[in-house]
Amino acid sequence: MKRLLLLAALVVAAPLSAQEAMPRVTRDIVPALRPNDSVKKDVTLPWVSVYQAPAIYAKWWREVANCEHLVLPVELEPIVRFVQVNSSTFRIAPHIEEVYGYTQSDRNTIILAQSKVLDESTVKHEMTHQLDWWNGVDEGPDFHPFDTFEACGLHVTEP
Ligand SMILES: [Zn+2]
């Protein structure tokens, strides 16, 4: 109950612009998520929105799972929620200020900068994090084990 009250207070206190930049859909995912651009990449879209996985993603799931020698659970793939941030890059924490993608694997949620939604390498990179979680792969202290990322050409930073 206390937590609910605190959230209500925060919503009331937030200025209008901040509310637009942090819509309800992502508040439960990454509270610190912020677009870095001051102008939307696509003016017709909100700052943050859930989008339907393009058909090509089904192929990318299979390809990346095969390359990583990981199991793709067919019953879980359709429940992954894809979120796009309407910005070139976004931040997810005060010390993580410029990312193209971020996966909250325990919530089956993949977040991508809008410009990277159809970028095969970036999408497959985030899919790998999700596959690692489903397969119980320990990603270690830097979250990017060499043998599961670089081996399939999925770089940690932009190629
Ligand atoms: Zn990563």
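Student: How do the axes of α4 and α5 cross, and within what distance do they come?
Tutor: This is a predicted model, and in it the axes of helix α4 (residues 56-68) and helix α5 (residues 120-134) come within 9 Å and cross at roughly 60 degrees.

Student: Which residues make the contact?
Tutor: From α4 you have Tyr57, Trp60, Trp61, Val64, Ala65 and Glu68. On the α5 side they are Glu120, Val123, Lys124, Met127, Thr128 and Leu131.

Student: How do those divide into nonpolar, polar and charged?
Tutor: Eight residues of the contact are nonpolar, one is polar and three are charged.

Student: Let's stay with α5. What does it reach from its first C-alpha to its last?
Tutor: α5 has 15 residues and reaches 21 Å, close to the 21 Å expected at 1.5 Å a residue.

Student: How many residues of α5 are buried?
Tutor: Eleven of the 15, so α5 counts as mostly covered. Among the buried ones are Thr122, His125, Glu126, His129 and Asp132.

Student: What covers them?
Tutor: The cover includes α4, β5 (101-104), β6 (109-113) and α6 (146-149).

Student: What follows α5?
Tutor: Glycine 136 follows α5, and its phi is positive, near 70 degrees.

Student: Switching topic, where is proline 145?
Tutor: Proline 145 is in the loop between α5 and α6.

Student: Which residues does proline 145 touch?
Tutor: Leaving out residues up to four places away in sequence, proline 145 touches Glu139 and Gly140. Valine 156 is eleven residues apart from proline 145 along the chain, and their C-alpha atoms are separated by 9.9 Å.

Student: Now the whole chain. How many helices and strands?
Tutor: Six helices and six strands. Starting at the N terminus, the elements run α-α-α-β-β-α-β-β-β-β-α-α.

Student: And what share of the chain is buried?
Tutor: Buried residues make up 26% of the 159 residues.

Student: What about contacts between residues at least 6 apart in sequence?
Tutor: Of those, 69% join residues at least 24 apart.

Key
Residues numbered from 1 in each chain as written. Predicted model: local features only at pLDDT ≥ 70, side-chain atom pairs only at ≥ 80, totals over all residues. Axes fitted to C-alpha atoms, helices over the stretch in contact; angles between N-to-C directions. Helix = DSSP H or I, 4+ residues; strand = E, 2+ residues; numbered from the N terminus. Contact = placed C-beta atoms within 7 Å. Nonpolar A, V, L, I, M, F, W, Y, C, P; charged D, E, K, R; others polar. Expected span 1.5 Å × (residues − 1). Buried ≥ 20, exposed ≤ 12 C-beta atoms within 10 Å, placed from the backbone.
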